[in-house]
Structure formats: C-alpha cells, structure tokens
Amino acid sequence: MAIVEFKNFSWNYSGYRSKVLRNINLSINKGEFFGIIGGVGSGRTTFCSAIMGLVPHLYPGNIDGELIVDGLNTEKSSMSDLSTRVGLIMQSPDTQLTGAGMNVEEELSFGLENLGTPRKEMIKRVKKMIKLIGLESFKYRNPFELSGGQQQKVAIASVLIMQPEILVLDEPTAQLDPLGTTLVFNLIKKLARKGITIILNTQKIDYLAEFADRVAILNDNEIRKVGKTREVLTDINLLKKNRIISSDFTQLSNELINRKLYKGALCMTLNDAKEMISKVKRG
Amino acid sequence: MAKQDWITRIKAEFTTIAIVMIPIAIGINQAGRLIHEALGLPVWLDTIGTIFTAMLCGPWVAGVGGFFTNVVTAIAYGRATSVFFGLVQLGIGFLAGFFAWKGWWKKWWKVPLCGIALAATAALISAPIVVTVRGGVSGQGIDLVFAFFLATGQNFWTAIFASRFLIEILDKGIISTYIPWAAVKRLPEKYARMFKYTKKVR
Amino acid sequence: MPRALLISYIDKDSFFHKLNPVTKLVITISVIILIFITKSFIHNLIIFIFIIPFAYYSKLTKQVFMPIKYLFIIFVILFVIQGLFYPFRETVLIQLPYGFAIWTEGLIYASMISSRLLVMLVYGYLFVLTTHPGDLVSALRKLRLPYIFGYIVLATLQIIPRVQSQMATIIEAQKSRGLETKGSIVKRLRAYTPLLGPLFMGSVQNAIERATALEARAFSAKCEKTSYRETIIMKKDKVIMVLTIICLIIFGVTSWLL
Amino acid sequence: MSEPVIKIKDLTFTYPAGVTALREINLEINKGEVLAVIGQNGSGKTTLVKHFNGLLKPSRGNVLVNNNNTKKFTTAQLSRTVGYVFQDPDDQIFMSKVYKEIEFGPKNLGLKGSELKRSVKEALEIVGLWDLRRKHPLDLNLNEKKLIAISSIIAMKPEVIILDEPTTGQDHHGVKKVESLINELSRNHTIIVISHNMDLVSRVASRVIVMYDSRILFQGTPKKVFVKNALLNKTYLKPPPIARLAQSIKGFKRDVLTIDEFIDELISNKSRSSKSH
C-alpha cells in the first residue's frame with residue numbers, strides 16, 4: 001500500500017525559474033525502507049522537505065501535480081496535521097534542537113506540547129522514547145551539551161514521539177563522526193524493524209546496501225531510476241552516469257570480472273564480497 | 001471589526017521563521033556588544049540584530065525582539081534595570097521596521113537619515129529612563145559628555161538628551177544601520193524570499 | 001568553550017528555591033515598586049538589609065552580593081556628577097576652587113539613586129539565582145503568558161551561547177586568512193566587516209533550519225498547548241503572596257507619610 | 001629526511017574553562033608530507049591543528065613553525081606560512097563575488113596589482129572555478145563553496161595547508177575532487193588533513209596520526225595504522241572497506257588498502273596456496 005505518492009510533482013522556489021523537482025512520479029509503500037541517492041544540488045533535500053509539507057508551507061514557491069502523504073494532500077493540509085504523520089530529520093544536529101527544551105525530556109515533549117497532549121500521556125511517551133534511544137542517563141542534561149550523534153538521536157526521538165507513520169531522514173549523519181554515525185544508523189535499523197516507513201537520503205551507500213528495500217536516484221532534479229536496492233546499487237554504469245561512485249565492493253567485483261578472475265553477480269556488501277572471494281579462492 | 005483586522009494582521013507577522021529569528025537577533029545584539037567591547041569605540045552595536053530583524057520581519061517582530069533582548073538579559077543575569085531599557089530596543093525595532101514597511105531603506109542615501117531618526121528616538125526614550133533609574137548616569141564615556149553639558153550650565157533635560165543623542169548618532173547614524181542593511185542587500189534570493197519585508201528593503 | 005545555557009541559576013534545596021516562580025516574581029516586583037515610592041535612601045537601605053534573611057533562606061548568602069562590585073563605578077560617577085552639578089542645587093556642602101562646589105541636594109539625590117540600584121540588583125539577582133528559567137516560563141504560561149514569549153525567552157538563553165561560539169569560529173577563520181584585528185581605529189573597524197557578514201548569513205540559515213525543525217514538531221498547530229514542566233502554586237505561595245502585598249502597602253504608606 | 005616545517009614539543013593545552021584538550025604532544029611535520037589526523041570529535045584533533053597557525057597558544061610546551069615559536073606571532077602573521085581551511089565555508093564567505101572572496105586573503109598579506117591578480121587567478125584555476133568568479137558565492141552549491149574556501153587559502157600561497165573535514169557535506173563527486181586536489185597540492189605544499197573519511201585518508205595520506213582522549217594514540221603510514229584493529233576499535237574507527245575485507249580473509253596480507261593491491265594479493269595468495277597443495 002502506497003503511503004507516499006508523488007503524482008507528476010514539480011516544484012520551483014519563487015523567484016527562480018528552474019524547477020528543483022521536476023515531474024516526480026513515485027510511490028513509497030507502508031513499512032518500506034526507501035533510500036535516496038544523488039549529487040549535491042540534485043534536489044534531494046527539497047524532495048525530503050516536500051514530504052513534510054515544508055514545500056509549500058514554509059518555502060514560498062509553486063507546485064505542479066500533487067503529493068499525497070498518508071492520505072493527505074500536502075499542499076492542502078496544515079503543517080501540524082502533517083507532523084503527526086511524517087517526522088523529518090535534517091543534517092545539522094545543532095539546528096534540529098528547538099532551543100526550548102532545557103533538558104532532553106523537555107526537548108522530546110516539545111512536539112506533544114504543541115499538539116496539546118495531556119501531561120500524563122506526555123510523561124508516558126517521553127519515558128518510552130528515552131528508553132528506545134538509550135539515553136536514560138542523559139535525560140536531565142541540556143540537549144546542547146550532548147555529542148552530535150546523541151543530539152541526532154534526540155532529534156529523531158522528538159519527532160517519533162508524535163507517532164508518525166513515516167520518518168524522513170535527510171543526510172542525518174553527514175556532520176557526525178564515525179561513532180555518531182554508527183549510533184544513528186543502529187537506531188534507524190531498530191526503527192525499521194518496528195515497521196516504520198523510512199525514507200533515507202544519504203551519501204553513505206554502504207549503509208543503504210545493508211538496509212534499504214528500494215533505492216531511487218535523484219539527479220538534476222529528476223528521478224532517474226527507482227528499483228530494488230541491489231539492482232540500483234550494482235548498476236555501475238547507471239551510477240557513474242549519475243555521478244555516484246559505487247561501493248568499493250562493487251568496484252572490486254567488477255574488476256575481478258573484467259580480469260576474468262570471477263564469474264557471477266556484482267557484490268554490494270562486505271558479506272557478498274567475502275562470499276565472492278571464497279568462491280574465487282576455491283577456483 | 002477593524003480592531004479584529006489589526007490583531008489578525010499583527011499575528012500574521014509572527015510566522016514560524018520570524019519567531020525563530022528573534023532569539024537569533026538577540027544573539028546578534030549580544031555579539032555586537034562583545035565586538036563593541038573588543039573595539040573599544042563608542043559604538044554600541046547592540047541593536048544590529050534588532051535592526052536586521054526589522055528589515056526582514058517588520059516592526060512588530062523587531063519590536064518584540066528588541067524588548068526581549070533586555071528581558072532575557074534580566075532573566076540571565078538578574079539585571080532588573082535592563083527591562084526598563086527594553087523600551088528603547090522596542091522603539092528602535094518598531095521604528096526600523098516601520099521604515100522597512102514604508103520602503104525607506106531602499107535608497108542607500110536614506111540609510112543614514114533613517115539612522116539619525118533612530119538615534120533621536122533612542123535618545124528620546126532612553127533619557128527619561130536613565131534619569132529615573134540611574135540618575136542620568138551610565139557608567140561609560142557618555143557620562144563625561146553629560147557632565148560637560150551640565151557644567152556648561154545647560155538645562156538638565158537638554159543635557160541628558162543632547163549627550164544621549166550625540167552618542168547614539170555615532171552608533172546608529174552609520175554603522176549600526178549600514179551593517180544590517182548591507183547584509184540584507186547581499187542575502188541570496190532564495191533566503192530573502194522567505195522573509196516578508198526584504199523586498200521592501202532591497 | 002561557552003556554557004551550554006546562559007543562566008545564573010544555582011540549584012539548591014532551599015525554602016526559597018521551592019517557592020513558585022510567580023511568588024518570587026511578586027516579591028521582586030513589590031520590592032521594585034516600593035523603592036520607587038520611598039522618599040529617603042535610609043528606607044531603601046532598610047529594604048536592602050531585608051535581603052539577608054532571604055539570601056539565608058535560599059542558601060546563597062555569599063552569591064547574592066557578588067554583582068555589587070559592578071555597581072561601584074556607577075556609584076562613583078553618580079556621586080561626582082550629581083554632587084557637583086545636580087540641577088536643583090541649593091545648599092553648598094563644601095566649597096571647591098574655580099567656583100565648583102559639592103552640593104548637599106546632589107549627594108542626597110545620588111544616594112537615593114544608588115540605594116535604588118543596589119536594591120534592584122540584589123533582589124533581581126536573588127530571583128534568578130533561585131529560579132530556573134524553565135520553571136519561570138512554565139509558571140507564567142499558566143497565567144496565560146502567550147506561548148511564543150515563553151519560547152523566545154528559553155530559546156534565546158540556549159541560542160546566545162551558540163551565536164557566541166559561531167562568532168568565535170568566524171573570527172578564527174578570518175584571522176587564518178591574514179585578518180589583523182588589532183591596530184588603528186580604522187583598521188579595527190574594517191576588520192569587523194568580514195566577521196559580521198558570515199554572522200548575518202549564518203544566522204539567517206540557522207533561522208530557516210530551526211524553523212524547519214519547529215514545523216516538524218507542530219509548532220504552528222492552532223490548538224491549546226500543554227506544558228511538560230509543571231509548576232504548582234501551593235498554599236504557602238498564596239500566603240506569601242498575600243503577605244508580600246500587605247507588606248508592600250504598609251511599607252509604601254508609611255514611607256510616604258514619614 | 002627533510003627539515004620539519006612544524007615542530008611540536010611537549011604541547012599541553014588547557015582551555016580557560018579548565019578542560020585539558022591536549023596532553024604532552026610531541027610531533028614533527030615534515031616538508032611535503034600529507035599528514036592525516038583522525039579520531040572522534042572531542043579527541044583533540046582540531047585543538048591540535050589550531051596550534052599550527054597560532055589560533056591557540058600552548059599552555060605548556062612549544063610549537064615551532066619554520067623554527068619560529070608561534071607564541072611570538074599573531075595568526076595573521078603565521079597565515080603566510082600556514083593556511084587553515086575551516087570546516088564550514090559559510091563561516092568565512094562574506095563577499096558578494098567569488099573573485100573578491102579569493103582576493104581577501106592575499107590582500108591582507110599586502111599583495112597588490114598584477115601579483116595579486118596572478119595569485120587569485122592561479123588559485124581559482126587550481127580548483128577549477130575560474131569560470132564562476134563573477135558569481136555570488138552563496139548561490140553556489142556545497143561542493144563549489146568548499147572549493148572556494150580552499151582556493152581562498154591557496155591564493156595566500158602558504159607552505160602548509162590545513163584542511164579541517166574537507167569532505168563534510170560533499171557528494172561523491174566532491175570527495176573525489178577534494179582527493180585529487182590534495183594530491184595536486186601536495187606537490188608544492190605540506191598538507192594536514194583532519195577527516196572522518198577513512199577511504200580518503202587511506203588514499204591520500206603519507207602518515208596518519210590517531211588521536212584519542214587528548215593524546216596521540218598511534219602514528220604511522222596508513223598501511224601500519226589500518227591494521228591495528230584493537231587500537232582502532234578503542235577509538236571507534238573502522239579501516240576502509242577493502243582493508244576490512246582483506247582482514248577477514250584467512251591467509252591474506254592484512255595491510256591491503258586499495259582494490260589494485262587487493263587483486264594483486266588475491267593472485268599471489270592463490271598461487272601461494274596452490275604451491276602449498
């Protein structure tokens with residue numbers, strides 16, 4: 001069942017003639033882990049903001065076509081209605097924090113306060129969320145004092161607490177160190193297992209290779225390809241054409257095929273590669 | 001009916017982006033104060049954030065932002081007196097926003113004129129406050145000017161207003177208005193579009 | 001590295017800390033009203049002395065008096081200027097050379113103003129030392145303070161340190177490009193333009209990003225908002241508030257009559 | 001062995017607030033090397049490199065740049081020798097034309113006339129952005145903005161260039177560009193690069209230092225560093241993908257970093273094992 005549906009969707013920021021998203025037709029299913037890849041300036045961030053309704057509600061501009069998210073037309077629905085259906089996380093941990101939360105608990109409850117949730121219910125949900133992200137020992141700390149990775153986890157929890165069906169992550173680890181990246185991806189993995197629809201825009205295709213069900217390539221403001229993760233990420237020529245560099249493992253297997261050392265499918269993950277090497281070694 | 005209209009219109013000025021701009025503007029005012037200390041010149045620079053916000057978000061948002069600059073100082077450091085001086089910031093924010101609404105910042109040569117008007121307003125509002133709260137004294141270089149005017153036999157109010165105006169004009173005549181104005185001018189189009197008043201300034 | 005939150009609050013388990021912020025605000029505002037009613041600085045000094053039991057009951061006896069040192073310069077200037085040039089001068093206290101004189105009325109006026117400043121400073125400071133801004137906002141929201149004002153106060157306390165560290169980074173980045181920040185007046189003034197440009201641009205970018213984060217948390221929802229942080233007005237708060245207002249009236253009237 | 005450009009002796013640094021961010025650092029950086037500094041945020045990487053151009057001065061110990069003690073010079077003076085490209089280009093961009101932005105640094109150093117023009121042109125050509133010189137820098141994309149920041153330092157012709165997280169916010173194309181730029185610049189400059197991108201580090205660095213808890217935990221060539229799994233685990237770092245693969249295979253050399261090396265090793269491994277059978 002489609003939960004996000006782009007129907008011939010186009011968008012341009014007011015004052016600019018060129019479209020940042022052009023004729024997007026795409027549907028994302030409920031419970032799916034959906035990856036977005038593409039270059040800088042290809043429209044990926046706008047794609048993510050569109051699902052949250054920031055386009056057109058925060059950024060002025062023109063929409064053609066329509067975008068249906070969990071039954072709501074984003075253009076005609078309010079941001080607050082959309083916020084209980086979609087959670088959006090962007091890249092900078094610092095600006096993800098609202099500033100109004102004096103400690104982690106309050107940061108998490110901010111969205112619920114805005115929705116007028118009764119206090120009892122808030123306390124229950126905050127407790128659950130803090131457990132989920134594993135920040136029990138930090139719950140009374142000022143969120144700005146946390147590390148980037150922990151801040152991103154708080155940001156994710158603070159939108160999840162509003163119980164959205166869909167979580168949109170726009171380069172959530174781009175500004176994190178390796179430890180922070182691992183923390184955040186572990187959390188995303190956990191959420192995917194719980195059945196939340198995840199839409200992840202990232203440069204780290206190694207992670208997509210491991211988790212994503214499907215991947216779309218967005219380039220020059222258009223969808224260039226949508227397909228099963230393996231199908232997209234092992235298509236070296238397609239990736240190259242879209243200025244994306246395939247994983248080292250894919251490149252290695254490709255090279256081995258070229259040198260006639262290996263016959264078989266291209267690799268995508270470390271495990272694929274291990275299997276391939278044992279095959280090659282066996283001869 | 002007409003009153004309702006006013007309130008809705010003012011409320012509409014407080015968009016999410018305008019609201020988040022306020023804490024940041026206050027932060028810029030603070031940064032301006034730090035630069036003032038580092039420069040060691042008699043230019044306060046502590047309204048640059050307020051004036052910047054006025055050019056982006058108009059009089060109401062800038063007025064609130066200006067006033068809260070001092071409310072927050074009071075809450076952070078317990079300086080109760082600072083709240084009274086919030087009225088000066090409020091006046092400056094509101095007036096600068098009014099100029100934006102009128103489109104008076106558009107021409108570069110009008111910027112210093114607006115600056116002079118802001119300086120006069122600041123002096124007018126701050127003079128009675130500084131007298132009631134602090135006996136006319138600021139604890140800064142301006143006190144020498146004040147003392148000089150008093151010593152030369154000027155009327156008390158003339159002395160306080162003249163000394164304030166003199167010092168405000170150094171600050172708002174050029175620097176504190178020109179800096180935010182230039183920043184608004186240089187804003188890339190895609191950012192500028194997100195604020196209501198930029199097209200009346202650029 | 002700056003502190004994460006701009007705040008003077010010191011956490012203590014004291015009677016005064018446990019009062020509702022509104023109660024403390026009523027006390028502080030009453031005191032401020034009172035010192036504008038009084039006609040003699042001696043009355044102000046009596047009010048000032050009352051800070052001692054308050055400070056004692058907040059377990060912050062020393063800290064409350066810390067900021068007094070900042071007032072010292074103002075006091076000196078105040079006494080000099082008003083002592084010499086007070087406009088409503090009549091009585092010469094000490095005749096000085098060159099036609100100058102120290103005037104009694106000027107000194108009285110200066111002591112009045114100084115005692116007012118002193119009282120406002122210590123009571124204001126006691127208030128912020130014992131009241132967490134989060135509690136203050138939560139308590140005021142119960143009294144129908146518009147939601148955005150509360151947001152502005154709290155967010156500003158968090159964001160000012162961020163802007164300061166952003167400023168520090170910008171200064172470092174431009175110094176690394178050969179910018180000298182010391183020298184003549186013109187040099188110094190010119191040095192700060194390259195710093196303010198990125199500060200303004202960065203702040204607009206920040207505002208846009210943070211607005212996004214707020215929208216994602218239903219900030220623009222039109223419904224009645226609730227509060228996670230809870231502050232309760234207890235019986236003792238009510239009693240103290242009533243007592244404070246009675247005291248304000250009694251002191252006010254007596255001071256006016258005396 | 002060539003003469004060190006930067007010598008660090010017993011450097012300890014404590015922030016005014018009392019947090020010690022560097023302890024007993026001893027390091028020599030040689031002319032022409034590409035030194036990578038890796039470690040988690042908060043391990044002291046940025047604090048360390050900020051000593052190289054005098055943004056920070058040692059609390060104890062000394063930092064010598066070309067035998068000049070940084071304590072005696074301002075950052076602006078040291079910027080002739082050591083250029084520092086900050087992580088976020090937005091922290092430095094303030095001009096409304098790319099060309100003027102690049103001009104700012106060399107102008108501060110007193111360059112004028114044709115000399116100034118030449119160095120701006122060269123700096124923009126090296127990064128390949130000469131064609132964009134009339135654009136508003138803030139209208140450029142992240143890849144281009146990063147190159148503007150790097151170019152603005154190149155124009156000052158420093159001997160040493162410090163790159164703080166040059167691949168943050170970059171797409172694959174941008175990372176490749178930064179990589180080739182480092183290789184090109186390393187012919188005439190000493191390069192110090194702070195990075196979380198182990199792929200990049202393994203490909204460009206001649207020496208890697210691993211920082212952990214305010215100290216240098218380990219240093220050596222990428223080949224030596226990326227086989228120290230215990231050490232890397234302690235700092236939550238992972239070797240680049242190919243190295244991880246090689247290390248998981250029995251009988252393989254452990255210090256394999258690139259695809260070509262891997263294939264060579266695979267071939268020799270096969271012939272080794274066929275011989276032993």
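1. Start with D:Glu165: it is buried, because 22 other C-beta atoms lie within 10 Å (buried takes 20 or more other C-beta atoms within 10 Å of the residue's own, exposed 12 or fewer, partly exposed what falls in between, with C-beta atoms placed from the backbone). Phi of D:Glu165 is near 50°, a positive value in a residue other than glycine. The residue sits in the loop between strand S7 (160-164) and helix H6 (172-185) of chain D. Helices (H or I, at least four residues) and strands (E, at least two) are DSSP runs, numbered from the N terminus.

2. Some housekeeping before going on. This is a predicted model, where local features need pLDDT of at least 70 and side-chain atom pairs count only at pLDDT 80 or more, while totals for chains, interfaces and linings use all residues. Residues are numbered from 1 along each chain as its sequence is written, and chains are lettered from A and ligands numbered from 1 in the order in which they are written.

3. B:Leu45 has phi near 65°, a positive value in a residue other than glycine. Where is B:Leu45? In the loop between H2 and helix H3 (48-77) of chain B. B:Leu45 is buried, with 24 other C-beta atoms within 10 Å.

4. Next, a peptide bond in chain A. The bond from A:Val55 to A:Pro56 is cis, with omega near 10°. A:Pro56 belongs to helix H2 (residues 54-57) of chain A.

5. Now the interface between chains C and B. Here 52 residues of chain C are in contact with 45 residues of chain B (contact: C-beta atoms, placed from the backbone, lie within 7 Å). On the chain C side, the elements that give two or more residues are helix H5 (68-85), helix H6 (104-130), helix H8 (147-175) and helix H9 (185-215). H9(C) provides the largest share of that side, 16 residues. By class, the side of chain C that touches chain B has 40 nonpolar, nine polar and three charged residues. The classes are nonpolar for Ala, Val, Leu, Ile, Met, Phe, Trp, Tyr, Cys and Pro, charged for Asp, Glu, Lys and Arg, and polar for the others, Gly among them.

6. H9(C) also has a helix partner in chain B. The axes of helix H2 (residues 16-39) of chain B and H9(C) come within 9 Å and cross at roughly 155° (axes are lines fitted to C-alpha atoms, for helices over the stretch in contact, and angles run from 0 to 180 degrees between N-to-C directions). That angle makes H2(B) roughly antiparallel to H9(C); angles under 35 degrees count as roughly parallel, over 145 as roughly antiparallel, 65 to 115 as roughly perpendicular and the rest as oblique. The crossing is right-handed, meaning that the near helix is turned clockwise from the far one by less than a right angle, with anticlockwise giving left-handed. Residues making the contact include B:Ile24, B:Ile28 and B:Ala31 of H2(B) and C:Leu199, C:Ser203 and C:Ala207 of H9(C). Overall, this helix contact has 14 nonpolar, three polar and three charged residues.

7. Which way do H3(B) and H7(B) run relative to each other? Their axes come within 9 Å and cross at roughly 45°, H7(B) being residues 156-186, and the two helices are therefore oblique to each other. H3(B) passes H7(B) in a right-handed crossing. Among the residues that meet are B:Ile51, B:Phe52 and B:Met55 in H3(B) and B:Ile179, B:Pro180 and B:Trp181 in H7(B). This contact has ten nonpolar, two polar and no charged residues.

8. On to domains, whose bounds come from an automatic or database domain assignment. Chain A has domain 1 (2-239) and domain 2 (247-283), with C-alpha centres 34 Å apart. Eight residues from domain 1 and six residues from domain 2 make the contact between them. Helix H9 (205-211) and helix H10 (229-233) of chain A are the elements giving two or more residues to the domain 1 side, and H9(A) has the largest share, four residues. That side divides into four nonpolar, one polar and three charged residues. Chain C is split into domain 1 (15-131 + 234-257) and domain 2 (140-215), with C-alpha centres 35 Å apart.

9. Last, A:Ile236, which lies in helix H11 (residues 236-241) of chain A. A:Ile236 counts as partly exposed, with 17 C-beta neighbours inside 10 Å. Leaving aside neighbours within four places in sequence, A:Ile236 is in contact with A:Ser246, A:Thr250 and A:Asn254.

How values were computed. Two residues are in contact if their C-beta atoms, placed from the backbone, lie within 7 Å.
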